Each structure stands twice: as structure tokens, then as C-alpha cells.
Amino acid sequence: MAAGGRASGRPAKKKGPSKGAGGQGRRSLEGKGATPPAEMRHWYKDKARAERIAREEQGGVRRPAPTRQRRSEDAPEYIGGRNPVLEALQAGVPSNALYVAHRVDNDDRVRDSIRIAAERGIALLEVTRDKLDRLTEGAVHQGVALQIPAYDYAHPSDLVEIAQGAAEVPLIVALDSVTDPRNLGAIARSATAFGAHGLLVPSRRSAGVTGGAWKTSAGTLATMRVARASNLTAALREYRDAGLFVIGLDGAGETDIGDVDLLTEPLVVVVGSEGKGLSRLVREQCDVVTRIPMQAAAESLNAGVAAGVALYEVARHRRL
């Protein structure tokens with residue numbers, strides 16, 4: 001006969017039903033649901049922020065900029081990036097405030113920017129990187145941004161008065177449908193180098209003096225006056241009535257810039273856009289439409305480069 005217990009020799013005791021838990025362990029058996037996506041986990045924001053800072057320090061590509069809303073004419077502009085901010089401060093660009101991110105990597109450029117801002121009495125503000133992202137509209141700022149006030153445009157007639165005050169033959173550069181602020185900044189540099197007395201831009205469908213223009217101008221916009229006209233065609237007509245000649249710069253022109261015999265006269269040089277050239281109404285106000293001679297392989301020049309070549313030719317004729 002088989003043993004009934006643990007070798008005790010006693011018969012085995014019949015086992016009855018076990019006592020239930022009353023459903024108290026049911027919740028532990030239900031699980032916690034689906035695995036949450038990465039952006040809902042507690043570590044995601046810290047990791048994303050660290051990766052964003054690393055890309056920014058390396059000059060990498062940032063996330064797409066948010067949709068840009070229409071900016072008020074009197075709203076300030078922002079220059080972002082360590083080199084552009086330092087260059088703007090060194091050039092004496094008018095500035096309201098220097099924004100520096102919390103716990104920014106404090107290299108020589110940041111220290112020099114803070115020092116110059118303190119010497120010039122510019123407000124220094126420490127903000128989050130998210131705040132800098134919003135101020136610079138998603139541009140690469142590397143933890144620093146400079147706020148510059150809205151530009152105070154001159155009247156078109158002021159540019160002639162500047163030339164008269166300097167007892168010089170007027171030389172004004174007008175921009176027709178040039179929409180890239182970097183081209184405006186490049187033209188300002190050339191205009192300063194070759195003795196122009198100011199720039200004229202339309203108030204609509206044209207680049208204005210923005211942070212991008214300040215950066216490209218390398219500080220020359222601090223001394224080169226920019227006037228704005230509600231109607232470029234009407235402003236050119238008024239210049240002609242005041243005794244200035246208007247020459248248009250266009251790849252479709254029939255006269256080479258070096259052959260124009262008006263370069264030593266009171267002059268307005270109109271620069272058209274790279275793609276479309278001069279508009280029809282502006283062309284009609286020109287005394288001469290001229291071109292820059294070049295090899296056939298190059299269809300056109302960037303507006304900033306073309307303006308520099310033309311202004312050099314004007315300056316060369318005036319020195320003869």
C-alpha cells in the first residue's frame with residue numbers, strides 16, 4: 001500500500017477548496033495598457049533639448065521655422081548667432097537688448113558680446129532657449145540674440161540733401177523688386193565703398209532694413225542712409241525733376257556700363273532683381289538702360305554683385 005503522508009504512516013488528509021482572494025488581485029493582472037509614445041515619456045523633453053543644443057553648437061540644421069506672421073513696421077528685429085551678434089556689436093549697430101540663454105557655453109564670442117553690450121549700456125537679459133527660438137523665429141541662434149530697433153527710414157529727398165551738404169555730386173542707388181535682405185546689405189557695403197549717398201527702396205514687395213540686412217552689411221548700414229518710397233516710379237520722376245539722371249541696370253540693356261556718358265552727372269543707379277530685371281514702369285523712367293558685359297556662360301549676376309560692379313565703374317569715371 002502506498003504511503004499516505006510524508007512517510008508518517010498516517011493516511012493522507014483530503015484537501016478541500018482553497019480560500020479565494022475576493023478579487024483583490026484582479027487589478028494587478030490587468031496590466032498598464034499600451035506602451036506610451038516617446039514624446040509622452042518623462043525623459044523625452046530632456047533628451048530632445050540636449051540633441052537640439054548639440055546640433056545648434058555644431059551649426060547643424062534646426063527644425064523648420066514656424067510660420068512667420070506679418071511684422072509691424074515699428075517692431076524690433078533680432079540677429080541670432082554668436083559671430084553675427086558679435087560683429088553687429090563691434091560695428092556699432094543700434095541695439096536695444098542682448099539675450100543670452102541659460103547655462104550657455106560661455107566662449108570668447110559670448111564674453112566679448114556681453115562686455116561690449118555692458119560698455120554701450122545695452123540691456124542684458126538671460127532667457128530660456130525656447131524664448132530665443134521664438135524671438136529668432138527658429139533660426140540658429142547658438143544661445144545669443146541681439147534685438148535691434150525698427151529702422152528709421154529717410155525721405156527720398158533727404159538723400160539729395162546729404163550729397164549737397166557734402167558738396168558732392170549726388171549718387172543714389174535704388175532697388176527695384178530686390179526682395180532678399182542680404183542683397184540689400186551687400187549693396188549697402190558697395191554703396192559705402194564707392195561713395196554713394198544713400199539707398200532708395202520701395203515700401204512694398206522689396207527688402208527692408210532687417211536683421212539679415214544688418215548682418216550682411218557688416219555695419220555699413222549704421223552710416224549709409226536708406227530712404228523708403230511708397231511709389232518707386234514717382235520717386236524716380238521727382239529725382240529727374242530735381243536734375244538727377246536715372247540709369248537702369250538690366251541684363252537686357254543695350255549699352256555697356258562703361259560706355260554710358262552720364263556717370264559723372266548727378267545720378268540714380270537702379271538695380272533690378274536677378275530674375276526679372278527692371279519692371280516696365282521703372283524702365284520707362286530711366287534715361288539709359290545699361291548692362292554689365294560678361295561671358296555668355298553667365299546668364300546674370302546676383303543683384304549685390306551687379307550693384308558693386310556698376311558703382312565701381314561710376315567711381316572710376318568720377319576719378320578721371
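Entry 1. I am working from a predicted model. I began with the pairing of strand β5 (residues 171-176) and β6, which is parallel and has three bridges. Looking for a contact to click on, I found that Ala174 has Leu200 in β6 as its bridge partner. I then traced the chain from β5 to β6: the path goes through helix α7 (residues 181-193), and this β-α-β crossover is right-handed.

Entry 2. Next I checked the other pairing, with strand β7 (residues 226-229). β6 and β7 run parallel and are joined by four bridges. Here Leu200 turned up again, with Ala227 in β7 as its bridge partner.

Entry 3. Is β6 mostly covered or open? I found it mostly covered, with five of its five residues (198-202) buried. I sorted the residues by direction too: Gly198, Leu200 and Pro202 point one way, Leu199 and Val201 point the other way, and all are buried.

Entry 4. On to the rings. I counted four aromatic pairs. One of them is Tyr151 with Tyr153, an edge-to-face pair at 4.9 Å centre to centre with 75° between the planes. Both Tyr151 and Tyr153 are buried. Ring pairs also bring in Trp214, which forms a cluster with Tyr151 and Tyr153.

Entry 5. Which charged end sits over the ring of Tyr153? I found that of Arg228, at 3.9 Å from the ring centre.

Methods:
Residues are numbered from 1 along each chain as its sequence is written. This is a predicted model: local features need pLDDT of at least 70, side-chain atom pairs count only at pLDDT 80 or more; totals for chains, interfaces and linings use all residues. Side-chain values use heavy atoms; hydrogens and water are left out. Buried means under 20% relative accessible area, exposed over 50%, partly exposed in between (1.4 Å probe, protein chains only). Helices (H or I, at least four residues) and strands (E, at least two) are DSSP runs, numbered from the N terminus. Two strands pair if DSSP finds at least two bridges between them. A crossover is right-handed if, with the strands pointing away from the viewer, the path from the first strand over the helix to the second runs clockwise. Rings of Phe, Tyr and Trp (its six-membered ring) pair if their centres lie within 6.5 Å; planes under 30 degrees apart count as stacked, over 60 as edge-to-face and the rest as tilted. A charge sits over a ring if NZ of Lys or CZ of Arg is within 6 Å of the ring centre and within 35 degrees of the ring normal.
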